[in-house]
Amino acid sequence: MKLYNTLTRQIEEFIPHDPNEVKMYTCGPTVYHYAHIGNLRSYIFEDILEKTLKYVGYSVNRVMNITDVGHLSSDSDSGEDKMVKGAKREHKTVLEIADFYTQAFFHDLEDLHIKKPDTICKATSIVDFYLHMIDVLMEKGYAYQSGGNVYFDISKLDDYYQLTNHKIDDMVVGVREGVEEDSFKKNQADFALWFTKSKFDDQELKWESKYGTGYPGWHIECSGISIKYLGEYLDIHCGGVDNIFPHHTNEIAQSEAYLGHPWCRYWCHGEHLNDSTGKMSKSKGEFLTLSLLKEKGYNPLVYRLFCLESHYRKQLVFSFDNLDRAASTYEKLIRRIQHLQANVSGTLQTDLFQQYQNQFQMQLEQDLNTANALTVLYDVIKSETLNTYTKLALIENFDTVLSLGLLEQKADTIDVQQDAYIQTKIQERNQAKQNKDYVLADQIRDDLLKMGILLKDTREGTVYEIEKR
Ligand code: AMP
Ligand code: ZN
């Protein structure tokens, strides 16, 4: 299995620390609002990664955090806590907000057929562990108290910027967002481990500690949760590309300083989904959620297919036209599978099954080439050597990773008898074309057109659309 590793900036063979269990950590949502469909693209990529690891034979233990405290408006630790802002916006408590949007997040996962991680941990649930880590970092001289807060001193590390290849100019995100600098820090890039002082004194959730009553920084949450549940050696850490700096950079700094040895070997990041105006942002007011797509009549799995059609490391632009194209592909795919289901015959063609399964696996093993994996699925459907029984067995097998509900869609969405008739006509037309009898081929197409059935020759074979009357 080959994966692109942000840390080494190359595609590498994946070798887990313990071959019996891959340890995988994926940054979860900050539950102050609904997830936008960009966030969901990252979770779809992580789901595909976990399922691919299982498909190739690994056992995977995956952990995710739910950020319900400490994530400030700017990722570089300044501004107001996003949770407090969310609570004010809706005149609720932070806990009410956290609970509501956590449940909404779980619904999104379910709708998108994203498997829930084995452990999901709320940031507020292990504050004692963060305080223990902070104690160790203080004892080892990596952390200092200043102006009431506790900071990590990045000058104590030889290679703080290892994940970002030292492209420091690209990394002053927080400062560019118009948030003032923190004068308590020794170095501009130092980051907060524990806050007791903030110019926003209405922080709702606070804990007693020897550093003063306060709350943890956002970065220590992910290090803490990962180390507590997955131990000292992590195999894969994921997130969207915006997490590379400062969040993941800071996680590496504090985790390795705390542990005293290298921590995570593979860092995998999903590229962003953008809309026509650029980056998606929840602060822009109206934003694109899965519920909105559902309200507009889209099956959430159409959005999943839309994401799988492109590579996770390429930026993807969302538009309703693009989504409509995915919807049409999905509908045709389901229709053809339903046709197979209505005409099952034969027994398992073991060798061919293996061959196609290998092809599918090979595509996923190449840094999750989901677009090519989908092409293998289309090849299976249109194959003339596979019988329908074997086709359906392969589709079921592929769907353990793709999770597009390929065999689950309701059969009453198509008229099975009519579909069988059209499929026979398509076959007759293909035969006519093979015999170079183009007059007959055109005749078949025109006859169907008169009945309101439009044939289209596509990469996946001939499909049809029925004119709405
Ligand atoms: P947040 O809830 O803001 O902490 O983000 C949750 C996840 O979504 C993180 O892994 C982010 O890196 C990721 N993310 C944020 N914006 C986008 C986007 N436009 N496209 C894809 N992933 C994103
Ligand atoms: Zn995180």
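The legends below describe close-up views of one predicted model.

Residues are numbered from 1 along each chain as its sequence is written, and chains are lettered from A and ligands numbered from 1 in the order in which they are written. Because the model is predicted, local features need pLDDT of at least 70 and side-chain atom pairs count only at pLDDT 80 or more, while totals for chains, interfaces and linings use all residues; side-chain values use heavy atoms, with hydrogens and water left out.

**View 1. A parallel sheet of five strands.**
The five strands form an open sheet with parallel pairing, in the order E7-E4-E3-E12-E13. Strands (E, at least two residues) and helices (H or I, at least four) are DSSP runs numbered from the N terminus, and two strands pair if DSSP finds at least two bridges between them. At the edges are strand E7 (119-122) and strand E13 (264-270), each of which pairs on one side only. Direction ignored, neighbouring strands of this sheet are turned by 20 degrees against each other on average. Strand E12 (residues 234-240) runs parallel to E13 and is joined to E13 by six bridges. Trp 267 in E13 stands opposite His 237. Helix H6 (residues 218-230) packs on the sheet and touches strand E3 (22-26), strand E4 (60-66), E7 and E12. The direction of H6 makes about 150 degrees with that of E4; axes are lines fitted to C-alpha atoms, for helices over the stretch in contact, and angles run from 0 to 180 degrees between N-to-C directions.

**View 2. An antiparallel sheet of four strands.**
This open sheet has the order E8-E9-E10-E11, and its pairing is antiparallel. Strand E8 (143-146) and strand E11 (215-216) stand at the edges with a single partner strand each, so one side of each has no neighbour in the sheet. Two bridges pair strand E10 (residues 191-195) with E11 in the antiparallel sense. Tyr 215 in E11 is the bridge partner of Phe 195. Helix H4 (residues 127-139) packs on the sheet, where H4 touches E8, strand E9 (149-152), E10 and E11, and its direction makes about 125 degrees with that of E10. Helix H7 (residues 244-259) lies across E9 and E10 and runs at about 70 degrees to E10.

**View 3. Helices H2 and H3.**
Two packed helices are described by the angle between their axes and the distance between the axes. The axes of helix H2 (residues 82-90) and helix H3 (residues 94-111) cross at roughly 95 degrees and come within 8 Å. H2 and H3 are therefore roughly perpendicular to each other, a term used for angles of 65 to 115 degrees. In the contact (heavy atoms within 4.5 Å), H2 supplies Met 83, Val 84, Gly 86, Ala 87, Arg 89 and Glu 90, and H3 supplies Val 94, Ile 97, Ala 98 and Tyr 101.

**View 4. Cysteines without a disulfide.**
The structure holds zero disulfides, a disulfide being a pair of cysteine sulfur atoms within 2.5 Å. The closest cysteine sulfur to that of Cys 264 is in Cys 268, 8.0 Å away and too far for a bond. Cys 264 is buried, with a relative accessible area of 6%; buried means under 20% relative accessible area (1.4 Å probe, protein chains only). For Cys 307, the closest cysteine sulfur is in Cys 238 at 15 Å, too far for a bond. Cys 307 also counts as buried, at 5% relative accessibility.

**View 5. The surroundings of Phe 398.**
Phe 398 is found in helix H13 (residues 388-402) and counts as buried at 0% relative accessibility. Apart from its neighbours within four places in sequence, Phe 398 is in contact with Tyr 55, Tyr 356, Gln 357, Phe 360, Val 376, Leu 377 and Val 380. Ala 373 is 25 residues from Phe 398 in sequence and 8.6 Å from Phe 398 in space, C-alpha to C-alpha.

Methods
Parallel < 35°, antiparallel > 145°, perpendicular 65-115°, else oblique. Buried < 20%, exposed > 50% of the residue type's maximum accessible area, 1.4 Å probe, protein only.
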